[in-house]
Amino acid sequence: MMFASRRADCPGYLEFIWRSDIPRKPGTHPQAIAYITEIDGAYHGCYGIHTVAGRSVASVKSELFALIEAGQ
């Protein structure tokens, strides 16, 4: 399974996430929206009722993608 995403400007930012291994029409809504922020050198991501943390945005996104893939 592969994902793609883009950012929106806000305190921290919103990550718009969709699967990139499935054809998608332009203007289609994202599969998920996560909020990612940095606090005291650690990154935190919130998706639904889940919160993940990591040392980089990439590690947080990896955990978020795993939650989405698991159907959480």
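Visitor: Which residue is the bridge partner of Ile17 in strand 3?

Guide: Ala32 of strand 3 is the bridge partner of Ile17. The model is a predicted one, in which local features need pLDDT of at least 70 and side-chain atom pairs pLDDT 80 or more, while totals for chains, interfaces and linings use all residues. Residues are numbered from 1 along each chain as its sequence is written, and side-chain values use heavy atoms, with hydrogens and water left out.

Visitor: How many bridges join strand 3 and strand 4, and in which sense?

Guide: Strand 3 and strand 4 (residues 42–47) pair over five bridges in the antiparallel sense. Tyr35 stands opposite Cys46 of strand 4. In the hairpin that these two strands form, two residues lie between the strands, and Asp40 takes a positive phi near 50°.

Visitor: How many helices and strands does the chain have, and what makes a run count as one?

Guide: Helices are DSSP runs of H or I with at least four residues, and strands are runs of E with at least two, both numbered from the N terminus. By this rule the chain has one helix and five strands, in the order β-β-β-β-β-α along the sequence.

Visitor: Why is the chain called as compact as a globular protein of its length?

Guide: The globule rule is 2.2 Å times the number of residues to the power 0.38, and the radius of gyration is taken over C-alpha atoms. For 72 residues the rule gives 11 Å, and the chain has a radius of gyration of 12 Å, which is close to it, so the chain is as compact as a globular protein of that length. Along the principal axes, its C-alpha atoms fill a box of roughly 40 × 25 × 20 Å.

Visitor: Why is the aromatic pair of Phe3 and Phe65 called stacked?

Guide: Rings of Phe, Tyr and Trp (its six-membered ring) pair if their centres lie within 6.5 Å; planes under 30 degrees apart are stacked, over 60 edge-to-face, and the rest tilted. A search of the whole structure finds one aromatic pair. The ring centres of Phe3 and Phe65 are 4.8 Å apart and their planes stand at 15°, so this pair is stacked. Phe3 lies in strand 1 (residues 3–9) and Phe65 in helix 1 (residues 57–69), so placed that the pair links parts of the chain 62 residues apart.

Visitor: How do you know whether Phe3 and Phe65 are buried or exposed?

Guide: Buried means under 20% relative accessible area and exposed over 50%, with partly exposed in between (1.4 Å probe, protein chains only). Phe3 has 18% and is buried; Phe65, at 17%, is also buried. Buried residues make up 29% of the 72 residues in the chain.

Visitor: What makes Lys61 and Glu15 a salt bridge?

Guide: A salt bridge needs a side-chain nitrogen of Lys or Arg within 4 Å of a carboxyl oxygen of Asp or Glu. The closest N and O atoms of Lys61 and Glu15 are 3.3 Å apart, and the two form a salt bridge. Lys61 lies in helix 1 and Glu15 in strand 2 (residues 13–19), so the pair ties together parts 46 residues apart in sequence. Glu15 has a relative accessibility of 1% and counts as buried.

Visitor: How many salt bridges does this rule give?

Guide: The count comes to two. Asp21 and Arg19 also form one, with their closest N and O atoms 3.0 Å apart. Asp21, at 36%, is partly exposed, and Arg19, at 25%, is partly exposed.

Visitor: Which residues does Arg24 touch?

Guide: Contact means heavy atoms within 4.5 Å. Not counting residues up to four places away in sequence, Arg24 touches Trp18, His29 and Pro30. Arg24 is placed in the loop between strand 2 and strand 3, and its relative accessible area of 35% makes it partly exposed.

Visitor: Where does Glu63 lie, and which residues are in contact with Glu63?

Guide: Glu63 lies in helix 1. Leaving aside neighbours within four places in sequence, Glu63 is in contact with Val52 and Ala53. The C-alpha atoms of Glu63 and Ala53 are separated by 8.4 Å.

Conventions:
Two strands pair if DSSP finds at least two bridges between them.
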